[in-house]
Amino acid sequence: MAETPLRLLFVQPQAEGAGAQELARLLGERLAERGFEVHHCFLYRRTGFYDGLPRVHYCAASRPRGPIALCRLLLDLLHHMRKVRPHAVVAFQHWGNVIVAPAARMAGIRCVLANRTSATLAMRPGLTVLDKVLGVLGFYSRVIVNSGEVEREYDDYPAAYRRRVARIDHGFQPRTSRRPPEEARQALRARLGLGAEASVIGCVARLHGLKNLPAAVRLLPCDARRHLVLVGQGPEREALLALARELGCEQRLHLLGEQPPEAIGDILAGLDLFVFPSLAETFGLAVVEAAAAGVPVLAHDLPVLREVLQVGGEPCARFADARDEAAFGAAAMALLGDAAASARLSAAGRGLERRYSADAMAGAYQRLLNDCRLG
């Protein structure tokens, strides 16, 4: 008799086109290819980006407002867990981890993999304490981190928590374009209504304060030919537009919202420079995808980005302090004016696909999940 496939339930707070959600989608896809039965659950639906995902469930149609709506969401989560009856639950993001682990125990699920995909700056102190308590008490079977910088954050945690920490670097799916480079460049400018002489920089990120996207907008006044493309949605949209108006460059800021994966590949291929001024990351999936696509990258000088954006000791990006408007602007100007340096970064970045293999990531998760099956 054939062995029953291991049934997995991936759970995270909100459905939207962002990094943790993309990680879950890709990981679920690769594990399904390996024979796992994968279900996805979002605590609430922020956008329809994942409506077409197989076996997807939303506990609430929108973010819950008030204690009654929150209770309904939690009850629906518990009901869905009992309906799916997964062998293991894989949780993502800080809120997802602390909500999902107790719910899984209530539903009788013993194996919970908690993914640390939230930067420390994004976590409230009380939430950090709760996470530590849950880890020490064994609500998490494993806590998965995706970089050495994040792994080191647990050095002073209690031993009962530290022994549950496991490192699995993100894998990713290359954002390739269907067009040759020059054609992709022309196509992006045609989409934006620009001439061939326009300089186009861009970023793929949630429009959120920690992404520090005003630093990217402030690059526009430096050059009247320069345009900025932002791919993503979030609460900072109106503030970014207001800043662009204040700087007199509203017509050169292009907010494209969420885009399907195949469109992102074409957008990246048309950029002259990818800027990533984010103030806090655990890995930086979007900037890794951009560098691997061969786009020259200017990133905020975070230790974790220096760790992640290198292959064999060779950097795949240029780094500058994005909190220093003059320094970040000068770094962007220098890189845009240095074709040889841009070419070196592009060549180095393409090596990231080998370093961060999606299959290697899926294999590491498979070993952890098989350990769960064996108890």
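# Close-up views of a predicted model

**View A. Glycine 294 comes after helix H11 and has a positive phi, near 90°.** The coordinates are a predicted model, in which local features need pLDDT of at least 70 and side-chain atom pairs count only at pLDDT 80 or more, while totals for chains, interfaces and linings use all residues. Residues are numbered from 1 along each chain as its sequence is written, and side-chain values use heavy atoms, with hydrogens and water left out. Helices (H or I, at least four residues) and strands (E, at least two) are DSSP runs numbered from the N terminus. H11 is largely enclosed by the rest of the structure, because eight of its eight residues are buried (buried is under 20% relative accessible area, exposed is over 50%, partly exposed is in between; 1.4 Å probe, protein chains only). The buried residues of H11 are Leu285, Ala286, Val287, Val288, Glu289, Ala290, Ala291 and Ala292.

View B. Contact means heavy atoms within 4.5 Å, and residues up to four places away in sequence are not counted for either glutamate 289 or alanine 292. Glutamate 289 counts as buried, at 8% relative accessibility. Glutamate 289 touches Glu22, Phe172, Gln173, Arg175 and Leu268. Alanine 292 counts as buried as well, with a relative accessibility of 10%. The residues in contact with alanine 292 are Phe172, Gly349, Arg350, Leu352 and Glu353. Phenylalanine 319 lies 27 residues from alanine 292 along the chain, and the C-alpha atoms of the two are separated by 16 Å.

**View C. The second largest pocket is lined by 25 residues.** A pocket here is an open set of points on a 1 Å grid over the protein atoms alone, where a 1.4 Å probe fits, with protein on both sides within 12 Å along at least five of seven lines; lining residues have an atom within 4 Å of a point. Pro181, Ala269, Ala293, Gly294 and Arg350 are the lining residues that lie nearest the centre of the pocket. Three helices each supply at least two residues of the lining: H7 (181–192), H10 (261–270) and H11 (285–292). The most comes from H10, with four residues. Gly294, listed among those nearest the centre, is the residue with positive phi described for View A.

**View D. Six strands form an open sheet with parallel pairing, in the order S10-S9-S8-S11-S12-S15.** Two strands pair if DSSP finds at least two bridges between them. Strands S10 (253–257) and S15 (318–320) are the edge strands, and each of them pairs on one side only. S9 (residues 226–231) runs parallel to S10, and four bridges join the two. Leucine 230 stands opposite leucine 255 in S10. Helix H9 (residues 237–246) packs on the sheet and touches S9 and S10. H10 lies across S8 (199–204), S9, S10 and S11 (273–276). H10 is also the helix that gives the most to the lining of the pocket in View C.

**View E. Strand S4 (residues 88–92) is largely enclosed by the rest of the structure, because five of its five residues are buried.** Both faces of S4 are covered. Ala88, Val90 and Phe92 are buried on one side, and Val89 and Ala91 are buried on the other. In a regular strand the side chains alternate between the two faces of the sheet. S4 pairs in the parallel sense with strand S1 (residues 7–15) over four bridges. In S4, valine 90 has phenylalanine 10 opposite. S4 also pairs in the parallel sense with strand S5 (residues 111–115), over five bridges. Alanine 91 stands opposite alanine 114 in S5.

**View F. Arginine 55 and asparagine 212 have a positive phi although neither is a glycine.** Phi of arginine 55 is about 55°. Arginine 55 is in the loop between strands S2 (37–45) and S3 (56–58). Its relative accessible area is 48%, so arginine 55 is partly exposed. Phi of asparagine 212 is near 55°. Asparagine 212 is in the loop between S8 and helix H8 (214–217). Its relative accessible area is 14%, so asparagine 212 is buried.

Technical notes
Axes fitted to C-alpha atoms, helices over the stretch in contact; angles between N-to-C directions.
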